[in-house]
Amino acid sequence: MPQPSHRITHISSGNQEGWEVYLRGIEMAREGQDILTLAIGDHDFPTPVEIREAAKHALDAGHTKYTTMQGIPELVSAMAKVSTEAIGMPVSDAEVIATGGGQAGLYASMQAALDPGDHVIIISPHYVTYPGTVRAAGCSFTLVAAEADDGFQPRADRIAEAVRPNTRAILMNTPNNPTCAIYDRETLEGIAGLCIRHDLWLISDEVYWSLSGGRHISPRTLPGMKERTLIVMSMSKSHAMTGWRVGWVIAEPDMIHNFMQHNLVNSYGISDFISRAAAEALDRGNGVGELAETFHRRGEAFLEAISGINRIHAHNDAGGMYIMLDIREITMDAQKFAFELLETEKLCTMPGDSFGPSAAGHLRISLCQPEELLREAAKRLERFISTHYT
Ligand SMILES: Cc1ncc(COP(=O)(O)O)c(C=O)c1O
């Protein structure tokens, strides 16, 4: 066969990019072992019934046709309305475009903002697909660490040191996966200042917008940032709709026009009946409050359950569906710790450094399990530490 493109063969760095423990957990479960998984951010309950019913209804009503490149008007309006509430500034219909989940929004944002050869600054710890998505646009990147001791708030002076002549964008995520840090105003003002000074795009992944307890601040609301911020949003986490693949991007109308050109040659828009169900779900807010409340309650239950375990500390800004456990007093080698925890206690977690070196010595705990299993996980963790790390 002829050679595949360099672009596609270089999306992956060639290793498993931090998924080793998770993949081993899947393998062990396949072998019939009873694995308790706190590794991934996918809800342990279905999409709210109202949304499922709306999709069935739309399907039966014949909404199975091509849609428009921006998204059907009902969906675009619903997204604009929710965006206005989520980021606290008016967002018009002309400023949104529906995408196949947040990931497709990230991909489209890179394609829209960057040329091959450009350089991107990724604030790390970061969501695992970021490096590959930047490479897919033919660009290079530098990871800039947000440090655990700063509560995982990135520092503008550190970011400034990474700016190169060909830097075109900063990619950041608040509320953050994996740390749950919610970037504060001072942090965001620092980042905004850099973007303005160096004329950079800010690609701001805000897919955990609904899980911040009202504390989320979008950098697009800061002076001078509206025209240079591309916000990536999603219904995956907020509405328990990971498998439906609905997200959107918020940008200036001219940029939305560019995204529409991209949709035309890429996905040709998202599914019709799903769009209709998604529009209704956004309009009615189906599940949003309940989901946020569920993850908050679970977070509290897990924190309570681990409170007696010596030498581990939780970073919990309550912004998301995870808890970041600081195990640095026990070990910096979270990979080894997580592998042993899996082998001996059948508890599957994500080592922090899967998300970047600044999360070494941490474990990410997903709250996508019921409270009793989170308490059970805390017991296993305690037993493991007391027998293996005395
Ligand atoms: C920070 C972050 N961004 C984007 C995504 C992609 O979400 P989606 O399911 O909307 O593609 C995820 C999914 O886990 C995520 O954690």
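Which helix gives the most to the shell around the ligand? In this model, helix H5 (residues 101–113) does so, with 3 residues; helices here (H or I, at least four residues) and strands (E, at least two) are DSSP runs, numbered from the N terminus. The model is a predicted one, in which local features need pLDDT of at least 70 and side-chain atom pairs count only at pLDDT 80 or more, while totals for chains, interfaces and linings use all residues. Residues are numbered from 1 along each chain as its sequence is written.

The ligand is surrounded by 13 residues, of which the closest are Gly101, Gly102, Gln103, Ser234 and Ser236; a residue is near a molecule or strand if its C-beta atom, placed from the backbone, lies within 6 Å of it. Divided by class, this shell around the ligand holds 2 nonpolar, 10 polar and 1 charged residues, where Ala, Val, Leu, Ile, Met, Phe, Trp, Tyr, Cys and Pro count as nonpolar, Asp, Glu, Lys and Arg as charged, and the others, Gly among them, as polar.

Two packed helices are described by the angle between their axes and the distance between the axes. H5 and helix H9 (residues 253–265) pack at an angle of about 110°, with their axes 10 Å apart; axes are lines fitted to C-alpha atoms, for helices over the stretch in contact, and angles run from 0 to 180 degrees between N-to-C directions. H5 and H9 are therefore roughly perpendicular to each other, given that angles under 35 degrees count as roughly parallel, over 145 as roughly antiparallel, 65 to 115 as roughly perpendicular and the rest as oblique. Their crossing is right-handed, a crossing being left-handed if the near helix is turned anticlockwise from the far one by less than a right angle, and right-handed if clockwise. On the H5 side the contact is made by Ala108, Gln111 and Ala112, and on the H9 side by Met255, Asn258, Phe259 and His262; two residues are in contact if their C-beta atoms, placed from the backbone, lie within 7 Å. The residues of this contact between H5 and H9 comprise 4 nonpolar, 3 polar and no charged.

Strands of a sheet pair through backbone hydrogen bonds, either parallel or antiparallel. Here 7 strands form an open sheet with mixed pairing, in the order S2-S8-S7-S6-S5-S3-S4; two strands pair if DSSP finds at least two bridges between them. Strand S2 (96–99) and strand S4 (140–145) are the edge strands, each of which pairs on one side only, and the twist averages 20° from one strand to the next. S3 and S4 run parallel and are joined by 6 bridges, with His119 standing opposite Ser140 in S4. Against this sheet packs H9, which touches S2, strand S7 (229–234) and strand S8 (247–250), and whose direction makes about 25° with that of S2.

Ser124 and Pro125 are joined by a cis peptide bond with omega about 5°, and Pro125 has its place in the loop between strand S3 (119–124) and helix H6 (130–136). Another cis peptide bond joins Asn177 and Pro178, where omega is about 20°, and Pro178 is found in the loop between strand S5 (167–173) and helix H8 (185–198). Cys180 lies in the loop between S5 and H8, and its phi is near 70°, a positive value in a residue other than glycine.

A further sheet is open and has 4 strands in the order S9-S10-S13-S12, with antiparallel pairing. Its edge strands are strand S9 (313–315) and strand S12 (350–351), each pairing on one side only. Within this sheet, strand S10 (residues 322–326) and strand S13 (residues 362–366) run antiparallel and are joined by 5 bridges. Helix H11 (residues 288–306) packs on the sheet and touches S9, S10 and S13, its direction making about 20° with that of S10.

The axes of helix H4 (residues 73–87) and helix H10 (residues 272–284) come within 8 Å and cross at roughly 30°, which makes H4 roughly parallel to H10. H4 passes H10 in a left-handed crossing, and the residues of their contact divide into 7 nonpolar, 1 polar and 3 charged.
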